[in-house]
Structure formats: C-alpha cells, structure tokens
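Let's look at a protein model together and work through a few questions. Take a moment to view it before reading on.

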Amino acid sequence: MSELPPIPRPEQAPLPPPPGQRRIVLPPHRQRARRPWSVRAREWIRRNLFPSPGGTLLTLLSAGVMGIMLAGVIWFVFFDANWNVITANRWLLFAGSFPREEAWRLWTSIAVVMFLIGLAYGTWSSLGRRDTLFVVLTGAFVIFLMAHGGASIWSSIWFLVAIGLLYVGYYLTIWMPRETSTRRAWQQRIVGGLLALSLPIVLIVLMANGGATTRQFDGFVLNLILAPVGIVGGLVVAIPLALGRASTMRTIKWTCTAYIEIVRGAPLLGWLFVALFILTDVIGDNLIINTMVVLAVFTGAYMAEYIRGGLQALPSGQYEAAQAVGLTKLQSMQLIILPQALRISIPPIVGQAIAIWKDTTLVTIILTLRELKGNADSAIAQSEFIPDRIEAYVFVAVVFWVVAFMMSRVSQRLERAQGIGER
Amino acid sequence: MTDELTPVDIIAESAGPKEAAVAQPAANGEGEVYSPRLAGSKDIIVTEHVDKWFGDFQALDDVSLRIKEHEIVVILGPSGSGKSTYIRCLNRLEEHDAGRIVIDGIEMNEDVRAMAAIRSEVGMVFQQFNLFPHLSVLSNITLGPQKVRHMPKLEAEALAMQLLERVGIPEQADKFPSQLSGGQQQRVAIARALAMQPKIMLFDEPTSALDPEMIKEVLDVMQELAESGMTMIVVTHEMGFAREVADRLVFFDEGALVEQGTPEHFFTNPREERTKLFLSQIL
Ligand SMILES: Nc1ncnc2c1ncn2[C@@H]1O[C@H](COP(=O)(O)OP(=O)(O)OP(=O)(O)O)[C@@H](O)[C@H]1O
Ligand SMILES: [Mg+2]
C-alpha cells in the first residue's frame, strides 16, 4: 500500500465571546414593563379578571363565593370564637408536661434550629418577601398567644431572638465568600453536616445534664420531635433498603423486598400497636422510644420504594459511564447514582414526610402519648372549655397545616435549587 | 480469519518488552501491519476467538482481532451486528463468554484488579454522551482523576482545563451538561475519557446522536486525537472519517468479523459479498 493521504489539520472553531462582555439588551416586552404601575395594574386586572363576558361572570361568581367564605372565617375568628381555650392552655398544647423551669431548653432548641434553617436558606436558596411575611405573621401570632396568656416577657424575648437568628444565619451565608465552586461546595458540605447533626444537637439540648426525660416530651414538642426522627430515621433505613432491593444478590434482594412488603402491608396504626405490645418486651417500656423506632421503620419502607423508583429512572448509561471512568461500584453509587436517584425522589419523599408529620397524631389514640391533638382533647375536657371544641380543633388543624405547607415549600425549593443539573 | 486476508505490507516485528511478558500462543504471533506508520508498533489489543451470548442469542461469534498501538480501527457493520457488544467487551462493560481478551498485556478475567487496570487504560465515548448531569463540566472531567487516580484537586482541575482547551470549549467549564449543545457535550465526554490518560480510546457511534452541523466539531477532535498517536477503535457510519483517518476498517455481520483491510481495500475492491452489499447501501 502506498502512503495514506495526508491528514488535514482540524480547523479551529472561532471562540464565542467570553461571558460578561455581551451587552444586555432587554427584549421589547421587558422594556415596556417600565410604564407606571397604575397602568400596569389596570392592564393586569383587565387581562386576568375581566378578559371576556364569560370570564367576567366567572370572576364575579368566584369572588362571591370567596367573599362569603372569607366573611364566615372573619366572623368566626374575630367575633364568634372564644380563643381562651388556646391562650389559657398554651403551655399544655405546646409542651404539656415538659418541666416549665426547663423551658430555656426548648427556646434554645428553637433558636438553634432557626439558625440552621437560616444557614440552609442562604446556602441553597434565598429568603424572599413571602418567606419574610410568613415569618412575621407566625412570629406575631406566637407572641400574641404568649402575651395574651401573660407569659413571662423572657419567653417572648427568647422567641424574638430565635427569629433573629434565622436572619443572622441567612446573612452569614450570604456574606461569606463563595465565588468559587470549591468554596460553595465547602459551604454546602458544612451546612449539610450541621443540618444532619441538628436532631442530635436538639435532643442533647433538651435532655442533657438534668434536662427533660423522653417521657416529658409532650404536646406540640412531641410532634416536632417524633416527625423528624421518623423522617430522618426513615431515610437512613430507606437508602440501604432501596439499594438492597435493587441488588443482584438474591438473599439481600429478598430480605429487603420482604421488609418493604411486610411493613407496607399493614397500616401505621397496626405498627403502633406493635410498639405498644411487642416492642415493650423487646426494647423496653419507654413508649416514646418504641414509637420513634416504629415511625422510622414504617417511613423507611415507603421511602425505600421511592428511592428505588429514582434508581430505576436513571438511564443505564450513567452506570456504564461511571464504570468506564474507572469508579468502583461503591464510588459510582455514592457519587453518581444516589445523588441523582435521591433528587428524582424528592417529591414523593417529601410527600411521605408530610404524611408522617400528620400521622404523629395517631400516637395519642394508640399509645396515650400526649401530642398536640391529644393535649387539645384534654384542654376541652376541662368543664369551662367544653363549648370551645371547634376552636381547639381549628387551632390544631391550622398548626398542622402550616407545618405541612412549609414542608411542601421546602420541597419545591429543593427541586428548583437542584433543577439546574437536570438533563 | 487472518489467513484469508490479502496481506498488506506485512512487516515482521519482534515482540515488545511488555508483550513478551504475556503468554501468547506462538502460532498466532504478531498482528498484521495495515499502515507503514505502524511498523514497529506492538499489539496493544489482542482478542482471540471471542464469543458472547445474550441468553440463546449469539452476539459475537469467534471474533479474533489484533490491534497495534497507535492504530486507528474503524468498525463497520449493519445494525445488530455486534459492533457495540465487541467494543464493550474491551473494557468489560460486557463479559465475554469464550475466547480471550488481552489489553496491553493484561489478561481480561474475573480478577477485579485486572479489570480496574484495564479500565484505567481504556477510555470510552458513548453515543448518548452519558455525562453526569448533576456535576458541572469541570467536575465531570476531574471526577475520574481525583477518585480513581487520587490526583490532587488543583492538579485535576488544571488537567481538565487543558483538556477542555484541547477539545475547544474551555469557556464551558462551569456550566452543567444540560446547558451545552450535543456537540459540546460529546467533546466534554471525550475530555472526560482523556482525563484518565488512557492508552486506548473506544468510540461507540460518537456522532450518531448529533445534528449534522455538530458532527464535524466532534470528528475534528477525534482526528486531532488520532494524529497525536492515540490507539482508537471507532464504531461509526461516518465514511469520510473512516476513509481519511482509519488505518484499518473492520466489517462485522451477525456477530462475526467478516472482512478487514485498509480503507483503500474497502472502498475499491471489497472481497465479501456482504461487505459489498453493506457498502453499497451506506455510500
Ligand atoms: N443486553 C442485551 N441483552 C440481550 N440482547 C442484546 C443485549 N445487548 C445487545 N443485544 C443484542 O445483540 C446484538 C448485537 O447488538 P449490538 O448492540 O452489539 O449491535 P450493533 O452492531 O452495535 O448495532 P447498532 O448499529 O444498532 O448499534 C443485537 O441483536 C442486540 O439485540
Ligand atoms: Mg451499537
């Protein structure tokens, strides 16, 4: 064979201009947005509320329905209801038999958690005007409750400090230098680590050195402890379960499958009975600990299935590319597969978290542990508050809703914060 | 199969030092030289009588092929002929069922360390890019060097930037894969494979998922790589690339290696009927 033809040199494609040098020109519709707000408001109203005769009719109809409902709510909240049942029993609802002289432990825990939430917000997201509105409303409501019942001024100050720490944490992360991806990664690692440690930290603050015993976790505080333990414990159980069920080793696969199917086969109510009658012989007669175990075991089975769904949703090319790069199985799981699978399963996992949050009320029925709903029951069992049943339950419902709503917002934020890496 | 070939410039060659350490059947000896520039190169990939079954279906049927260091081999064949299966066996994304595969003197077997050693010598580029979508472009490239080669982060990043420079997209380092065009993604994938400093690069239809205007930018990078002396095995339907860059074309059909030869041989007088039929359809 003769010489091959000479290989032509590749042409170099011209580089696009480096970022930052482009002039930003607003598209026409953005430029127009600079008209006075009154004009824009009028336009918005016309476009969104009265676009056509049919649309106008619908607007009026729904405005009427909403108006009637709103009037009813206002009437109930401000004129009809007797909120004394809440203000008089606020410690019972909040912490029940938690020793009052140890209240500083509760406030400190709240402050620590608020600070960490602030750090997390600054690291992965940003506090918007709506978040601030939410904080202000909730804060005002809590202070009102405390002031109305004549609580010591110190608890109000503690609470304000806790709210302040939310913003301190937030602006701390914003202020810290994080231009490079390395610094951002470190910040995320540190804050993530602190968040992971927050539950043990809170438990230590509450219990260490002559603090409360687990049996004194009571009222809303009990819900606030049980749910995170169930959720975090569930995740810890779920990840190995999901990997095990996806494993090729038969015994591991079958064990994990059996666990998941058996746990999901019975309602939480049933498993709480196990905590009451069986775990008392196995673990001990501390019902709160038994309940924590059951909640983690139960939540784990569901979350494992969601994570398995995430694992299956990943294209096989991801496994192959990780192998081709030379990563070991463990490394590719840890660095490539799990991060993506977990992200895919954020929405159902948060859904399960919200479910378990609401299900913490079940412990009252089965285990006669007194969480928020249980303590509301005892509040209205007092003769003077018997007529205020509705007020007590409305209050409980609103508190549960607020927390569930916050969780769902966090889920949305997580998804959006992670969305940038989507394919 | 080898004895059926029209020998092209067979140059007898003594075994390299590493080659000598590998036990090889004496009968087979050295592979043939398809281009004068490969004279004196040792065989870096040796596959002998490789079979692969998927259940009852035989995907590879007695494939024997020896590839020289620095050689550019383009594999052709109709869909389902086993091209992907063959090159996936070369870095053990598939396990072969019979025969032997020796990569740079390392026998492919159950030994995990051998597999790790082979994977660090062989880079692979996929049709679907398979970048890690949750990592930035830079992290996609530094991951292997950092985690497998234990390279310090700064060094790995410097290497990654150098490679991005080489594939022509240094300005994309901080983006995520989803923010890049297909051609840019594939070039990142090439850089990611190169970051492990492999001796051999496998390409499985690297341009098949690309829009026509992006094919050239990827082929240019591959051509530059070929000129730099990389050993490359490329499954592709880009006949221009095969003609210009390949030292040797190999034609697969129904899991078997049907014919091999220089591009000149293939494009002027292919011997087998199946090859002729395939080339007439594709050209
Ligand atoms: N994991 C698998 N399980 C079962 N059969 C498989 C598997 N992978 C490949 N095959 C079969 O093996 C044969 C060869 O597949 P291969 O992907 O190697 O073909 P190919 O030559 O790369 O084709 P294409 O040009 O379409 O990519 C095909 O018939 C395919 O259906
Ligand atoms: Mg293929």
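Here are some questions and answers about chain B and ligand 1.

This is a predicted model, where local features need pLDDT of at least 70, side-chain atom pairs count only at pLDDT 80 or more, and totals for chains, interfaces and linings use all residues. Residues are numbered from 1 along each chain as written, chains are lettered from A and ligands numbered from 1 in written order, and side-chain values use heavy atoms, leaving out hydrogens and water.

Q: What share of the residues in chain B is buried?
A: A residue counts as buried when its relative accessible area is under 20% (1.4 Å probe, protein chains only). Chain B has 283 residues, and the buried share is 59%.

Q: Which element gives the most residues to the shell around ligand 1?
A: The shell takes in residues with a heavy atom within 4 Å of the ligand. Helices here are DSSP runs of H or I with at least four residues, and strands are E runs of at least two. Strand S2 (57-68) and helix H2 (83-90) of chain B each give two or more residues. The top contributor, with three, is H2(B).

Q: Which residue has a polar side-chain atom 2.4 Å from an oxygen atom of ligand 1?
A: A polar contact pairs N or O atoms within 3.5 Å. B:Ser81 has a polar backbone atom 3.1 Å from a ligand oxygen, and the side chain of B:Glu205 has an N or O atom 3.2 Å from one. At 2.4 Å, the residue asked for is B:Thr85.

Notes. Buried means under 20% relative accessible area, exposed over 50%, partly exposed in between (1.4 Å probe, protein chains only). A polar contact is a pair of N or O atoms within 3.5 Å; within protein, one must be able to donate a hydrogen and the other to accept it, and residues adjacent in sequence count only if both atoms are side-chain atoms.
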